[in-house]
Amino acid sequence: MFEGYDCGNLFDEAIQSTGAPRPGAAALVKRINGLPPEELQRRQRMADATMLNLGITFNVYGHEGGTEKIFPFDIIPRIVEQHDWDQIELGLKQRIHALNLFIDDLYNDQKVVNDGVFPRELLETAATLRPQCRGFRPPQGIWCHVTGTDLVRDKDGQFYVLENREVMKRIFPQVFEGLPIAPVENYPEKLLATLMHSAPKGIDDPNIVVLTPGIYNSAYFEHSYLAQQMGVELVQGSDLAVVGDRVYTRTTRGLKRVDVIYRRIDDDFLDPACFRADSVLGVPGLMEVYKKGNIGLANAPGNGVADDKAVYAYVPAIIKYYLNEEAILPNVPTYLCGDREHRKYVLEHLAEMVMKPTNESGGYGIVIGPRASKAELDDVRQKILANPRNYVAQPLLHLSTVPTLVGDGIEARHVDLRPFVLCGEEIYVLPGGLTRVALKKGSTVVNSSQGGGSKDTWVLRRNGLHAPGANGSAQNQSQTQLVGAM
Amino acid sequence: MLSRVADNLYWMSRYIERAENIARFVDVNQAVALEPGDLQDDPWAPLIHATGDWPLFAERYGQTTRESVLRFLTLDPEYPNSLISCTRAARENARTVRESISTPMWEEINKLYLLVNRAARELSPSELTYEFYNQIKLASQLFVGVTDGTLSHGEGWQFVRLGRLIERADKTSRILDVKTYGWKHTPAPGDVQPTVVQWTAILQSVSALEMYRKVHGRIHPTCVMDFLLLDREFPRSIRYCLRFAEESLRIMTGSVPGTFANRAEQLLGRLRSGLDYTSIDDVLADGLHAYVDKLQMQLNQLGDAIRECFFATPALPVSAK
């Protein structure tokens, strides 16, 4: 299957430049080569049919009668070797630890600003800063309970952090369904523990709910999946009510108190009495209850300030400032257009760089210099000049590739990696995470809304496979129907 | 349980049962209409009358032909009680409470939805065969079985059963009405009466023929009516449906027999005990159609009471803020 496999001069996750498999991928490549012809395609079709039957789909357009499509999924897994994973895990723990301290500081003492490490101007112009949260500290001081961080691997094989966090983005359910190589670790179980930890003080057995914008949200499947797997209720804003100093659900037997909300609604829509008044998704009065310490919210409102791409550029400095350590996972070099020197450089090198709006996610508004037309470059130049703070620029990375099933054969396609980090009593990194793959040849756009798909991510463990032990056989099924009874 | 979730579970279940019964409806008529020497001028009209949606049909189609009736009942997305609309509504409800039902339940609903949607895309009404409707019935039965076997029999399950049984009671009454529509009283000599073949088809449409034989033997119109209305043990008879619908309500409210805790329980208790102490002669004295009509009205009132008692958003005390 791998004859003629061409990954150019890029870094491929499975095949070395000599054409031989990497050590971690050798067993997989051998297995695939040993399959009868068409077998991979057959399994791919089975996987697709399963996802269709399970309704793991999104609406293509409109709703009623609109065609539903499955989330594209490629069955050839992406393998991450143990030594790579160790670095990712350590790096993410360090990063989230520092970002938590940073957010807490921003809303309280602002030492990082007063000490001149982080510019006040950047802080005050961050669209995701929530002045309503000034002076507040969430239970246990945790602001970002659940974080997804986008990593990419460049030509040199080094992992870089590409985005700070994309908390609200879709995860893809199969990521959680156990990783076939690493011992299965249960994400919903860990998430439940994290949420329980964020309960108001003195509540031992908190009532937890997942708050969703509803079935038309593109990540609805994931919301309901997580609620189901954790065994907690999935609620919409209209199911919740604030009475007095508490939040309640409306049930068939009256009101029931809620202690923790894992909310999958943006800050802006959370509480029309505090944020956007036109929100119909949220719960009026929720923030008052929150500030009185009577409800836990994960993630904490206001945590989005760390998603700002200009803040991202300061993460190495932030890590140094709070932890006195060097960043384990490097950033992609980032030029802030709000800075005169940086802007000058960016405008001179537009055709070589990638320009990104600072407050957008999901790949929106990104201009890739080498692939942009002159008109597009002129357009982004005007936008940068009009609002420099709103743009950062980075050199174009050469995303690594992974063998991917394409038609009759296997071809190299670009991938990124989004591991998930939970911050509760301790910081936990889910082994593996989401590998997104750009299914179009040569494309580096991995977003599912723009032709991207997903792959399983397998983290190899040094000790090899964990085999279930033999526990002896069960009792005989001794009872049978008496002969002659029929 | 959240009031909204209870509402969604109840309606998910009702819509699945409704979809199944549309398949049964069509089935009985397919069989009867194929009979040589048609007794009725218009064999498809009673089917529309029995749905209670005649005005909507007349407005959208006018003529009752096999094609227009099948399209209306099965594939018309604009008709809220069509097979396809019911399937979609069931799935939307299920999707909203995905975390409250089991994965096998969700998968069966979703497969049913895909089956019907595929039919809507690919089949013309002339291709809607016995085989298709049978698949719908089986899918619904599979869903009921999977629900029983994989959903804990707590409050949610009770709402699922309640919805299914109320819907089924209503639909059995309508299936009975398909062939008896137009009778004002006990059949008069001039009335066009269903033949033995037709009564057999009615029994078959609710999969009741074998069970009927064990109780009544030969086919007599009054016995068929008796069986479908008043049999205590057949799971699609109206009396049976209401008996266990009442049980579900009692389990949820904790009321002892002979008492009621809310309006829904009161209405259902009254209706069920009425059926317990009715004989088929009493029914025929009023005329079957009149009896069935009243029953359907009472079932609608019961449905309203259930919504009021369990799903309606309670008025909240004014918050301190």
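In this predicted model, helix H3 (residues 82–107) of chain A packs against helix H11 (residues 315–323) of chain A with the two axes 9 Å apart and at an angle of about 80°, which makes H3(A) roughly perpendicular to H11(A). From H3(A) the contact draws on Gln94(A), Arg95(A), His97(A), Ala98(A), Leu101(A) and Phe102(A), and from H11(A) on Val315(A), Ile318(A), Ile319(A), Tyr322(A) and Leu323(A). Sorted by class, the residues where H3(A) meets H11(A) are eight nonpolar, two polar and one charged.

Chain A also contains strands, among them S3 (residues 73–80), which is mostly covered, with six of its eight residues buried. S3(A) pairs with strand S23 (residues 452–459) of chain A in the parallel sense, and the pairing runs over five bridges. Within this pairing, Ile79(A) has Trp458(A) of S23(A) as its bridge partner.

Another part of chain A holds an open sheet of four strands, whose order is S8-S7-S12-S13 and whose pairing is parallel. Strand S8 (233–235) and S13 of chain A are at the edges of this sheet; each has a single partner strand, so one side of each is left without a neighbour in the sheet. On average, and with direction ignored, neighbouring strands here are turned by 25° against each other. Inside the sheet, strand S7 (residues 208–211) and strand S12 (residues 260–263) of chain A are joined in the parallel sense over four bridges, and Val210(A) stands opposite Tyr262(A) in S12(A). Helix H7 (residues 220–230) of chain A lies across S7 and S8 of chain A, and its direction is at about 150° to S8(A).

Some details of the backbone in chain A deserve attention. The peptide bond that joins Ala298(A) and Asn299(A) is cis, with omega about -10°, and Asn299(A) is found in the loop between strand S13 (296–298) and helix H10 (309–313) of chain A. Elsewhere in chain A, Gln140(A) has a positive phi of about 65° although it is not a glycine; this residue is placed in the loop between helix H5 (120–124) and strand S4 (146–148) of chain A. Gln140(A) counts as partly exposed because it has 15 C-beta neighbours inside 10 Å.

Turning to chain B, the model shows 15 helices and zero strands. Of the 321 residues in chain B, 46% are buried, and among the contacts in this chain between residues at least 6 apart in sequence, 69% join residues at least 24 apart. One helix pair in chain B consists of H6(B) and helix H7 (residues 130–150), which pack at an angle of about 170° with their axes 8 Å apart; H6(B) and H7(B) are therefore roughly antiparallel to each other. On the side of H6(B) the residues that meet H7(B) are Pro104(B), Met105(B), Glu108(B), Ile109(B), Lys111(B), Leu112(B), Leu115(B) and Ala119(B), while H7(B) brings Phe132(B), Gln135(B), Ala139(B), Leu142(B), Phe143(B), Val146(B), Thr147(B) and Thr150(B). Eleven nonpolar, three polar and two charged residues make up this contact of H6(B) with H7(B).

Chain B has a backbone detail of its own in Ser207(B), which is not a glycine but has a positive phi of about 55°. Ser207(B) is located in the loop between helix H9 (196–205) and helix H10 (209–216) of chain B, and it counts as partly exposed because 15 C-beta neighbours lie inside 10 Å.

Between the chains, 24 residues of chain B are in contact with 24 residues of chain A. Helix H1 (3–33), helix H5 (83–96) and helix H6 (103–122) of chain B each supply at least two residues of the side of chain B that touches chain A, and the largest share of that side, five residues, comes from H6(B). By class, the side of chain B that touches chain A has eleven nonpolar, five polar and eight charged residues.

A final point concerns confidence. The mean pLDDT of chain A is 84, and 87% of its residues reach 70 or more. Over residues 165–184 of chain A, however, the pLDDT is below 50, although this stretch has 55 contacts in the model beyond near neighbours in sequence. The pLDDT also stays under 50 over residues 465–472 of chain A, for which the model has one contact beyond four places in sequence. Where pLDDT is low, the predicted coordinates should not be read in detail.

Notes: Residues numbered from 1 in each chain as written. Chains lettered and ligands numbered in written order. Predicted model: local features only at pLDDT ≥ 70, side-chain atom pairs only at ≥ 80, totals over all residues. pLDDT = per-residue confidence, 0-100. Contact = placed C-beta atoms within 7 Å. Buried ≥ 20, exposed ≤ 12 C-beta atoms within 10 Å, placed from the backbone. Axes fitted to C-alpha atoms, helices over the stretch in contact; angles between N-to-C directions. Parallel < 35°, antiparallel > 145°, perpendicular 65-115°, else oblique. Nonpolar A, V, L, I, M, F, W, Y, C, P; charged D, E, K, R; others polar. Pairing = 2+ DSSP bridges.
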